[in-house]
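Subject: Structure handover

Hello,

Here is the structure I said I would pass on. Please look it over next to the notes below.

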Amino acid sequence: MEAPSSERKAEIAKNLFEVNAIIKGKKQQRSSLEDARLVAVSKYKPASDIQAAYESGQRHFGENYVQELCEKAPVLPKDIQWHFTGRLQSNKCKILVAIPNLWAVETIDSATKAQKLDEAWKSTGHARQLNVYVQVNTSKEENKGGVEKHAVEDVVRTINETCKNLRMLGLMTIGSIEGSHQRPNPDFLALVELRDGLKAKLGVELELSMGMSDDFDHALELGSSNVRVGSKIFGSRPPKD
Ligand SMILES: *Cc1c(COP(=O)(O)O)cnc(C)c1O
């Protein structure tokens with residue numbers, strides 16, 4: 001891997017500083033005393049950009065493609081905490097869990113896939129559990145991944161009761177483009193409501209993974225505990241993603 005240039009390092013450090021300042025500034029508005037977790041989404045960006053962000057102190061990174069993650073992870077520091085944020089295919093679970101510092105899979109979209117991932121993680125012999133989020137299709141769009149709202153309870157229950165190698169961390173949504181322009185964002189509200197309902201019904205405490213570059217500040221106001229920010233840190237990506 002090529003070392004990041006000093007210009008690029010300075011640029012990424014400045015962007016990270018600004019994003020982190022917003023996260024810290026929103027803390028007073030949330031009941032939790034902890035800062036939300038910042039996941040730097042680095043898809044399509046070179047490993048040198050990730051290295052630059054790492055050198056500024058960033059540790060959680062998100063990738064959307066298994067192959068891209070498998071190429072980057074081995075050439076980057078081993079204490080990076082990787083989040084898989086792309087569409088999960090059953091036949092890729094084995095390859096994904098081979099990444100030793102995989103920290104979370106944010107895109108569980110069925111009970112069957114959770115069980116596949118559970119089996120795969122078990123076979124690696126890790127002592128720790130793999131964190132997972134159930135992705136919710138809050139906007140009911142056909143082309144969006146995720147579990148329909150009414151089916152989320154069943155998936156959460158299955159993970160809690162049968163997937164001993166997974167840790168049920170929370171709910172995740174991407175949300176629709178239209179919703180992202182509304183305040184409050186209806187997709188974020190739907191995720192909050194779902195989380196509250198599951199707490200009342202099952203007694204489970206779930207985190208919320210919501211908010212991207214254009215709306216993470218708003219997501220934090222609604223109680224997001226995990227924001228996924230790409231272009232605000234690394235600059236724009238080629239279109240079509
Ligand atoms: C690409 C992506 C992000 C980051 O998007 P930005 O708008 O660049 O911040 C966040 N979450 C998921 C699931 C993504 O695919």
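What follows is a list of findings, beginning with the ligand and ending with the backbone.

Please keep in mind that this is a predicted model.

Ligand

The ligand is surrounded by 14 residues, and the closest of them are Lys43, Asn64, Ser213, Gly230 and Arg237. Sorted by class, this shell is made up of 5 nonpolar, 5 polar and 4 charged residues.

On its own the ligand would expose 390 Å², of which the protein buries 90%.

In soluble globular proteins, nonpolar side chains tend to be buried together. In this model the largest nonpolar core holds 61 residues, and Trp82, Leu102, Val105, Ile159 and Leu171 have the most contacts inside it. Another core, of 5 residues, lies apart from it and includes Trp103, Ala104, Tyr133 and Leu169.

Leu171 belongs to strand E6. Its relative accessibility is 0%, so Leu171 counts as buried.

Aromatic pairs

How many aromatic pairs does a search of the whole structure find? There are 2. Each is described by the distance of the ring centres and the angle of the planes.

Tyr44 and Tyr65 make up a stacked pair, because their ring centres are 5.7 Å apart and their planes meet at 20°, under the 30 degrees that stacking requires. The pair links distant parts of the chain, 21 residues apart: Tyr44 is in the loop between strand E1 (37-41) and helix H2 (47-55), while Tyr65 is in the loop between strand E2 (60-63) and helix H3 (66-72). Tyr44 has a relative accessible area of 36% and is therefore partly exposed. Tyr65, at 34%, also counts as partly exposed.

Phe61 and Trp82 form a tilted pair, with 6.0 Å from centre to centre and 50° between the planes. This pair too links distant parts of the chain: Phe61 is in strand E2 and Trp82 in strand E3 (residues 81-84), 21 residues apart. Are these two residues buried or exposed? Phe61 has 0% relative accessibility and so counts as buried. Trp82 is at 0% as well and is likewise buried. Trp82 is also one of the residues with the most contacts inside the largest nonpolar core.

Two buried polar residues in loops

Ser176 is in the loop between strand E6 (166-172) and helix H7 (177-180). With a relative accessibility of 9%, Ser176 counts as buried. A polar atom of the Ser176 side chain is 2.9 Å from the backbone nitrogen of Gly179.

Asn101 is in the loop between helix H4 (93-97) and strand E4 (102-108). Its relative accessible area is 10%, so Asn101 is buried too. From Asn101 to Gly179 the C-alpha separation is 34 Å, and the two are 78 residues apart along the chain.

Backbone

Where is there a cis peptide bond? It joins Arg183 and Pro184, with omega at about -5°. Pro184 is in the loop between H7 and helix H8 (186-202).

Positive phi values in residues other than glycine come up at Tyr44 and Lys140. For Tyr44, phi is near 70°; this is the tyrosine in the loop between E1 and H2, which is also part of the stacked pair. For Lys140, phi is near 55°. Lys140 is in the loop between strand E5 (130-135) and helix H6 (152-162), and its relative accessibility of 62% makes it exposed. Tyr44, by contrast, is partly exposed at 36%.

Regards

Key: Residues numbered from 1 in each chain as written. Predicted model: local features only at pLDDT ≥ 70, side-chain atom pairs only at ≥ 80, totals over all residues. Heavy atoms only, no water. Near = heavy atom within 4 Å. Areas by Shrake-Rupley, 256 points an atom, 1.4 Å probe, with all protein chains shown as cover. Nonpolar A, V, L, I, M, F, W, Y, C, P; charged D, E, K, R; others polar. Core = buried A, V, L, I, M, F, W, Y, C linked by side-chain atoms within 4.5 Å. Buried < 20%, exposed > 50% of the residue type's maximum accessible area, 1.4 Å probe, protein only. Phe/Tyr/Trp six-rings, centres within 6.5 Å; stacked < 30°, edge-to-face > 60°. Helix = DSSP H or I, 4+ residues; strand = E, 2+ residues; numbered from the N terminus. Polar contact = N/O pair within 3.5 Å; in protein donor to acceptor, adjacent residues only side chain to side chain.
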